[in-house]
Amino acid sequence: MTRARTTDAAVHYRVEAPSVHNHRFHITLTIAQPQAQQVVSLPVWIPGSYLVREFARHLQGLQARQGRRAVAVTPLDKCTWRIDARTDAPLELRYEVYAFDASVRAAWLDAQRGFFNGTSVCLRVHGQESQAHQLELASVPGHAHWQVATSLTPLRCNRHGFGLYQAQDYDELVDSPVEMGTFWSGVFKACGIEHRFVVAGALPSFDGARLLADTQKICEAEIRFWHGQGAQAGRKAPHKNYLFMLNAVDDGYGG
């Protein structure tokens with residue numbers, strides 16, 4: 001896939017996995033209009049998990065540039081950095097994230113699959129959290145058969161889902177996990193709303209049709225309970241689509 005051109009988003013992330021065997025995502029963060037002395041940080045929280053999480057311990061090699069000029073990076077605490085930036089040129093940050101945490105909370109990358117939450121990979125740009133954020137997912141070398149699943153809004157993607165996505169703000173970005181690999185995928189509608197289910201690690205005997213049928217009943221009951229009965233329920237629901245992600249493992253838990 002050719003590299004997507006950055007559009008007019010205030011904050012743009014490009015995520016690459018040049019070698020799945022070293023378990024590292026490479027990230028390029030471009031801030032179109034940085035503040036002077038721009039501050040960035042990695043969250044110590046994640047939606048749905050109510051403990052302090054030390055995601056920043058996996059962030060490595062943070063460097064900054066404006067054009068050809070290297071820009072100083074000063075750590076302020078264990079998860080926050082100040083960038084000695086000017087306001088007259090885009091700011092580019094490059095860093096790596098070690099991704100070998102098999103839980104649902106962090107990031108994972110090996111030869112079988114890739115997965116990450118934005119709280120592990122996407123630095124928060126202080127002062128621009130409410131601006132549009134774009135996430136560009138580069139195809140993984142040597143894994144042309146891999147696909148992408150995420151609830152972010154696609155802008156320009158290839159048939160496997162690699163390409164450019166958009167979130168309306170930082171909160172939506174970090175509340176939209178990304179799955180990459182050769183997962184099973186199925187779709188159903190509940191009250192007229194499209195729902196998708198992806199399952200990583202599905203065995204050949206996996207009964208996908210039963211999973212979709214059972215989940216459809218649950219979703220329709222929930223939508224009607226919270227948003228009204230009948231055909232109107234889908235139009236009153238707050239979501240236009242929904243994505244379920246399941247990683248099937250021998251010994252694990254979390255959601």
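**Entry: histidine 195**

I looked up the accessibility of histidine 195 and got 1% relative accessibility, so I noted histidine 195 as buried. Buried here means under 20% relative accessible area, exposed means over 50%, and partly exposed is in between, with a 1.4 Å probe and protein chains only. The model is a predicted one: local features need pLDDT of at least 70, side-chain atom pairs count only at pLDDT 80 or more, and totals for chains, interfaces and linings use all residues. Residues are numbered from 1 along each chain as its sequence is written, and side-chain values use heavy atoms, with hydrogens and water left out.

I placed histidine 195 in strand 18, residues 193-200. Strands (E, at least two residues) and helices (H or I, at least four) are DSSP runs numbered from the N terminus.

Which backbone oxygen lies 2.9 Å from a polar atom of the side chain of histidine 195? I found that of isoleucine 193. A polar contact is a pair of N or O atoms within 3.5 Å; within protein, one must be able to donate a hydrogen and the other to accept it, and residues adjacent in sequence count only if both atoms are side-chain atoms.

I then listed the contacts of histidine 195 (heavy atoms within 4.5 Å). Leaving out residues up to four places away in sequence, histidine 195 touches Gly186, Val187, Phe188, Ala190, Cys219, Ile223, His239, Tyr242 and Phe244.

**Entry: pockets**

A pocket is an open set of points with protein on both sides within 12 Å along at least five of seven lines; a cavity is a set where a 1.4 Å probe fits but cannot get out; lining residues have an atom within 4 Å of a point. Grid points are joined across faces, edges and corners, and a volume is the space filled by probe spheres set on the points.

The largest pocket holds about 1400 Å³ of space. I counted 41 lining residues, with Asn117, Asp175, Pro177, Leu243 and Met245 the closest to the centre of this pocket. Two or more lining residues come from each of strand 10 (113-116), strand 15 (163-167), helix 2 (170-174), strand 18 and strand 19 (241-247). Strand 19 gives the largest share, seven residues. By class I noted 17 nonpolar, 16 polar and eight charged residues in the lining of the largest pocket. Ala, Val, Leu, Ile, Met, Phe, Trp, Tyr, Cys and Pro count as nonpolar, Asp, Glu, Lys and Arg as charged, and the others, Gly among them, as polar.

The second largest pocket holds about 320 Å³. Its lining has 18 residues, and Thr150, Ser151, Leu152, Glu194 and Arg196 lie nearest its centre. Strand 13 (147-150) supplies the largest share of this lining, four residues.

**Entry: cavities**

I counted two cavities of 30 Å³ or more. The largest cavity has a volume of about 50 Å³, and its lining divides into seven nonpolar, two polar and one charged residues. The second largest cavity holds about 30 Å³. I found Val15, Glu16, Ala17, Phe25, Phe116, Leu137, Ala138, Phe162 and Met180 lining the second largest cavity.

**Entry: salt bridges**

I found nine salt bridges (a side-chain nitrogen of Lys or Arg within 4 Å of a carboxyl oxygen of Asp or Glu).

Glutamate 16 and arginine 14 meet in a salt bridge at 3.5 Å, N to O. Glutamate 16 is partly exposed at 27% relative accessibility, whereas arginine 14 is buried at 9%.

Glutamate 96 pairs with arginine 24 in a salt bridge, with the closest N and O atoms 3.7 Å apart. This pair links distant parts of the chain, with glutamate 96 in strand 8 (residues 91-98) and arginine 24 in strand 2 (residues 24-31), 72 residues apart. Glutamate 96 is partly exposed at 26%, and arginine 24 is partly exposed at 23%.

Arginine 210 and aspartate 214 form a salt bridge at 3.8 Å, N to O. Both lie in helix 3 (residues 208-227), four residues apart, about one turn of the helix. Arginine 210 is exposed at 57%, and aspartate 214 is partly exposed at 36%.

How values were computed. 1 Å grid on protein atoms, 1.4 Å probe; cavity = no way out; pocket = protein on both sides within 12 Å on 5 of 7 lines; lining within 4 Å.
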